[in-house]
Amino acid sequence: MYRQAEPSSITPEKFEFPLSGQLSPDNRWVIMAELIPWSEFEAEYEKNFSPKMGAPAKPFRMALGALIIKEKLGTSDRETVEQIRENPYLQYFLGMPAYSNEAPFEPSMFVHFRQRIGIDLVNQVNEKMVKKARESQSTEEPSQKKKESEEVIKTKNLGKLLADATCTPADIRYPNDLGLLNEARRQTEKILDRLWQSGRNRFGDKPRTYRKKARKDYLKVARKRRPTLRERRVAIDKQLQDLNRNLSSIEKLVNAGVSLINLSQKKYKHLLVLCRNLPSTTMDVFKRNLKN
């Protein structure tokens with residue numbers, strides 16, 4: 001059975017807030033905030049910044065706490081910021097002194113948080129959390145331990161509880177100059193293959209791309225954990241050369257009469273983005289060719 005309810009006339013000002021101005025100590029975020037030794041890793045986090053230059057960075061507790069919230073809730077960067085803005089428990093977890101309806105930071109800050117807090121630091125935090133949880137259990141009253149031991153004897157072993165607060169996935173790929181150039185080069189190779197395939201009977205040999213060598217040059221640096229600045233610069237220069245050669249080959253095919261109508265809408269958008277560094281006359285040729 002369903003009875004239609006009357007339209008609600010409650011305004012946000014009259015809505016009853018159940019917390020009555022206090023947070024519940026039994027909340028999971030409050031409990032987790034007590035387990036994490038925030039101050040012990042403040043100095044390690046501070047090494048990422050200059051003591052005199054630049055604007056003040058977000059506190060370590062806010063940076064690490066935001067990554068933990070994102071991983072635990074499984075939300076995107078933007079949605080995580082919205083969750084923090086709406087939830088006073090999450091704001092307490094980040095170390096904020098009072099509830100605020102304003103977002104504490106922009107979603108783009110997650111990129112900097114991931115770069116500054118490495119997997120080694122996260123593992124250290126995990127170890128401290130587990131150690132602190134064990135110490136809190138060892139300080140229980142003897143009577144409580146005796147009672148629990150008696151209950152354990154009467155019940156069967158249900159397994160072990162593993163506590164883990166890992167907040168940085170190992171398989172996530174973060175954008176960088178070399179990676180973006182490699183992706184742009186791969187897109188131009190696909191576009192070049194498609195255009196030449198549509199007019200292969202008229203244009204003879206396929207333009208050279210040297211894609212295997214270009215990929216080896218990219219992986220040689222990308223697979224290194226900490227490549228030197230010179231190695232990165234050389235790799236970026238090589239990717240730029242390969243990218244410009246591919247764009248020049250695409251321009252020659254278009255000027256020779258190959259129609260861009262053979263490209264999918266997605267590939268054409270990629271081409272427009274990649275060709276922003278070419279002369280405006282070339283862009284006009286691309287657009288005019290597509291209309292024809």
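## A buried threonine

Thr80 is buried, its relative accessible area being 0% (buried means under 20% relative accessible area, with a 1.4 Å probe and protein chains only). This residue lies in helix H4; helices are DSSP runs of H or I with at least four residues, numbered from the N terminus. Leaving aside residues up to four places away in sequence, Thr80 touches Ala66, Ile69, Lys70, Thr75 and Phe110, a contact being heavy atoms within 4.5 Å.

## Basis and confidence

This is a predicted model, in which local features need pLDDT of at least 70 and side-chain atom pairs count only at pLDDT 80 or more, while totals for chains, interfaces and linings use all residues. Residues are numbered from 1 along each chain as its sequence is written, and side-chain values use heavy atoms, without hydrogens and water.

The average pLDDT (the predictor's confidence in each residue, from 0 to 100) is 77, and 72% of the residues score at least 70. Helix H4, residues 77-86, has the highest mean among the elements, at 92, whereas helix H14, residues 280-291, has the lowest, at 50. Over residues 278-283 pLDDT stays under 50. Where pLDDT is low, the predicted coordinates should not be read in detail.

## Overall architecture

The protein contains 14 helices and 0 strands. Of its 292 residues, 31% count as buried.

## Helix H1

In helix H1 (residues 28-35), the buried residues are Trp29, Val30, Met32 and Ala33. They lie on the same side of H1 because they cover an arc of only 165° around the axis, taken from the directions from the helix axis to the C-beta atoms. At the start of H1, a side-chain oxygen of Asn27 comes within 2.9 Å of the backbone nitrogen of Trp29.

Methods: Helices (H or I, at least four residues) and strands (E, at least two) are DSSP runs, numbered from the N terminus. Buried means under 20% relative accessible area, exposed over 50%, partly exposed in between (1.4 Å probe, protein chains only). A polar contact is a pair of N or O atoms within 3.5 Å; within protein, one must be able to donate a hydrogen and the other to accept it, and residues adjacent in sequence count only if both atoms are side-chain atoms.
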